[in-house]
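Colleague: I have just opened this model and would like a guided tour, please.

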Amino acid sequence: MLKEKFVLHNGIEIPKIGFGTWQIENDVVFEPVTTALKAGYIHIDSASGYGNEKGVGEAVRASGIPREALFITTKVPAEIKTYEAAVANIESSLAKLDLGYIDLLLIHAPQPWDKPWQAGHRYYEENVAVWKALEEAYKAGKVKSIGISNFFVDDMKNILANCEIKPMVNQISFHIGNIQKEAVAFCREHDILVEGYSPIATGRLLDNKEVEKIAEKYGVSIAQLCIKYVLQKDILPLPKSANHERIVQNTQLDFVITDEDMTYLDALK
Ligand code: A2P
């Protein structure tokens, strides 16, 4: 499962499950990433905003796994909204990761995190300027694919109307109870792969009795069921864990959720 790939619209292959590193600090990220790579993950999701690119890069280099066998994602922070600052940040990410190139680079969010999401200013022009920096890094071969994260339909329309190169990925929050129908449909229509972060709802699904009942039926943990659910929706899950056993457990997904149970899970709020 960890070695299976989706193919992006530019032909680049992306491993179907990524290891999420949000909220894993730089000084401790070495071990979880090392565990994840030993467990068979070949796709690691980092971000400039997580502050852990250096640690992620160190763990990847120390693994001894050939660079081309791995897929590394990072993101331009949501707060960066000018072309110049984006160019500088991409160089900084390349230097901190120190892995030669970046496999996937995303704009972390259409609006800075400290601004209310629905507040008047949508940063349309600014996102186009930042996108231009990503396009240039792509054309220069510094990054192998480019995309967006947390973009709503309007934000995506803005990029599509003004870009030279279409985003290959949109990384959004996606889990049972939050299946983002509009954004997913729009992405499918435009050949943009959807990645789902927080497949376990940052842990909130772990005490959901309805999900627990279904997990028991397959003899798997709630986390495993949640991750497999995302995969069976043809969305790329990015489970996060800082714990050795759970990192390994989250790779054990050799079961199939029936159509009937998928429909049941689709309807959960
Ligand atoms: P921990 O890091 O201590 O393992 P998400 O991927 O939706 O963001 O969820 C991450 C949260 O779920 C983290 O708090 C993580 O805790 C927890 N988690 C991840 N995998 C498992 C698992 N297999 N069993 C229980 N909790 C898990």
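Predicted model: local features only at pLDDT ≥ 70, side-chain atom pairs only at ≥ 80, totals over all residues.

Colleague: To begin, which residue in strand 8 is the bridge partner of Gly-147?

Modeller: That partner is Val-169. Strand 7 and strand 8 (residues 169–173) pair in the parallel sense over three bridges, where two strands count as paired if DSSP finds at least two bridges between them.

Colleague: What does the chain do between strand 7 and strand 8?

Modeller: Strand 7, helix 5 (residues 153–162) and strand 8 make a right-handed β-α-β unit, meaning that, with the strands pointing away from the viewer, the path from the first strand over the helix to the second runs clockwise. The loop between strand 7 and helix 5 holds Asn-150, a residue other than glycine with a positive phi near 65 degrees. With a relative accessible area of 9%, Asn-150 is buried.

Colleague: How many strands are in the open sheet, and what is their order?

Modeller: Eight strands form it, in the order 3-4-5-6-7-8-9-10, with parallel pairing. Strand 3 (19–20) and strand 10 (236–238) stand at the edges with a single partner strand each, so one side of each has no neighbour in the sheet. For strand 10, three bridges join it in parallel to strand 9 (residues 193–197), and Leu-236 in strand 10 stands opposite Glu-195.

Colleague: Changing topic, which residues of helix 3 are buried?

Modeller: They are Ala-86, Asn-89, Ile-90, Ser-93, Leu-94 and Leu-97. Because these cover an arc of only 140 degrees around the axis, they lie on the same side of helix 3, the arc being that of the directions from the helix axis to the C-beta atoms. An α-helix has 3.6 residues a turn, so residues three or four places apart point the same way. The face turned away from the buried side carries the exposed residues Glu-84 and Ala-95.

Colleague: What covers those buried residues of helix 3?

Modeller: The cover includes helix 2 (53–63), strand 5 (71–76), strand 6 and helix 4 (124–139), contact here being heavy atoms within 4.5 Å.

Colleague: What span should helix 3 have?

Modeller: At 1.5 Å a residue, the 15 residues of helix 3 (residues 83–97) should span 21 Å, which agrees with its end C-alpha atoms being 21 Å apart; the expected span is 1.5 Å times one less than the number of residues. Just after helix 3, Asp-98 takes a positive phi of about 55 degrees.

Colleague: How many residues are in the largest nonpolar core?

Modeller: It has 84 residues, and those with the most contacts inside it are Val-33, Leu-134, Met-156, Leu-225 and Tyr-229. Such a core is a set of buried Ala, Val, Leu, Ile, Met, Phe, Trp, Tyr and Cys residues joined through side-chain atoms within 4.5 Å. The largest share of this core, eight residues, comes from helix 8 (residues 222–232).

Colleague: And what does Leu-225 touch?

Modeller: Not counting residues up to four places away in sequence, Leu-225 touches several residues, among them Val-211, Tyr-218, Phe-255 and Leu-265.

Colleague: Last one: where is Glu-210?

Modeller: Glu-210 is in helix 7 (residues 209–218), and at 37% relative accessibility Glu-210 counts as partly exposed. Leaving out residues up to four places away in sequence, Glu-210 touches Tyr-264 and Leu-268.

Key: Residues numbered from 1 in each chain as written. Heavy atoms only, no water. Helix = DSSP H or I, 4+ residues; strand = E, 2+ residues; numbered from the N terminus. Buried < 20%, exposed > 50% of the residue type's maximum accessible area, 1.4 Å probe, protein only.
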